[in-house]
Amino acid sequence: MPDAIGVAVPAAAVPEVLAEAVDLGVGGAVVYASGFAETGAEGQRLQQEIADICRGRMPVVGPNCLGVVGYRARAALWGLDIPFAHASTDGGVAVAAQSGSLALSLMMSGRLPGLAYCASVGNQALVDISDCLEYYLHDPAVRVVALLVEGLSDLERFRALALRAAAADVAVVVLKNGRSPAGGTLTVAHTGTLAGHDAAYDALFRQTGVIRVDDMDELIATCSLLAGPRKPRGTSLGLFATSGGECGMLADLAHDHGLPWPPSTTPPSRRCDRCCPTTAISAARSTS
């Protein structure tokens, strides 16, 4: 029997295909088709049907998704060309997203360090974001988990997993859509997911050490920073730049985020003066 299958048929035919796969003992399935809970009552009924067929018998990713990719093994059930350009054997970043397009943007950005896994889970009829997080936490080589979330069905389970990640020193970085009224409406239209009260998500993330970001650029930058060989520790900050304008801008940003500048026992300017030409001007500022 195959370990997994990709189900590339119209929505109406999906239940029959999955029922046959369950009877044959297939290990799992990815359902690419749209036309389920995101479309209304009939689509919700169809999605519930595939959940009833497969629950407890076969894991299903989707529907309304792009699928899964294992970068280290170069193995995938993905609905488009496989973006293996940045694959490596030691990837430490794992991605799970409800939006296939946003997942693909991350995969193709070329700005992340090595990827280990990516899962586009779509409507989450059975396999959801928390399932992906739990799977990633079993891999000791995963240092950062990036999650693109529209809604979580089980906040308590996610909380337990996030605390487990924190205990294992695995950074969890979340881009949560649907925090505005318009965004919440669009998440329902996209994957049939209720976005929930944003204040509750904010509190959950703060309590569990999850890092919340506001856009894709911030997500990529945060994951790249935390996937490095040495993670930042503490709350103080040291800055180095070759431009006075850049230093001023960075100092303002640090102030806005409450990051103090650490004191320096030896002024950096004295150390720099030994290796800089006389035309260079070095300056340092530090506060406790």
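Here are some notes on the predicted model above.

1. Ground rules. Numbering starts from 1 along each chain as its sequence is written, and side-chain values use heavy atoms, leaving out hydrogens and water. Because the model is predicted, local features need pLDDT of at least 70 and side-chain atom pairs count only at pLDDT 80 or more, while totals for chains, interfaces and linings use all residues.

2. Confidence. pLDDT is the predictor's confidence in each residue, from 0 to 100. The chain has a mean of 85, with 82% of its residues at 70 or more. Residues 183–190 fall below 50, and that stretch has 19 contacts (heavy atoms within 4.5 Å) beyond near neighbours in sequence. Residues 284–288 are also under 50, with 12 contacts beyond four places in sequence. Where pLDDT is low, the predicted coordinates should not be read in detail.

3. A sheet to start with. Helices (H or I, at least four residues) and strands (E, at least two) are DSSP runs, numbered from the N terminus; two strands pair if DSSP finds at least two bridges between them. Three strands make an open, parallel sheet in the order 1-2-3. Its edges are strand 1 (5–7) and strand 3 (60–61), each pairing on one side only. Strand 2 (residues 29–31) joins strand 3 over two bridges, with Ala29 partnered by Val60.

4. Helix 7. Look at residues 198–208: the buried ones (under 20% relative accessible area; exposed is over 50%, partly exposed in between, with a 1.4 Å probe and protein chains only) are Asp198, Tyr201, Leu204, Phe205 and Thr208. Seen down the axis, they fall within an arc of 120° (taken from the directions from the helix axis to the C-beta atoms), so they line one face. That buried set packs against helix 5 (155–167), strand 9 (171–176) and strand 10 (211–213). Ala199, Arg206 and Gln207 are exposed on the face turned away. Just after the helix, Gly209 has a positive phi of about 80°.

5. Aromatics. Rings of Phe, Tyr and Trp (its six-membered ring) pair if their centres lie within 6.5 Å; planes under 30 degrees apart are stacked, over 60 edge-to-face, the rest tilted. The whole structure has five such pairs. Tyr117 and Tyr136 have ring centres 5.5 Å apart and planes at 10°, so they are stacked. Tyr117 sits in strand 7 (residues 115–120) and Tyr136 in helix 4 (residues 129–136), so the pair ties together parts 19 residues apart in sequence. Back in helix 7, Tyr201 and Phe205 are four residues apart, about one turn.
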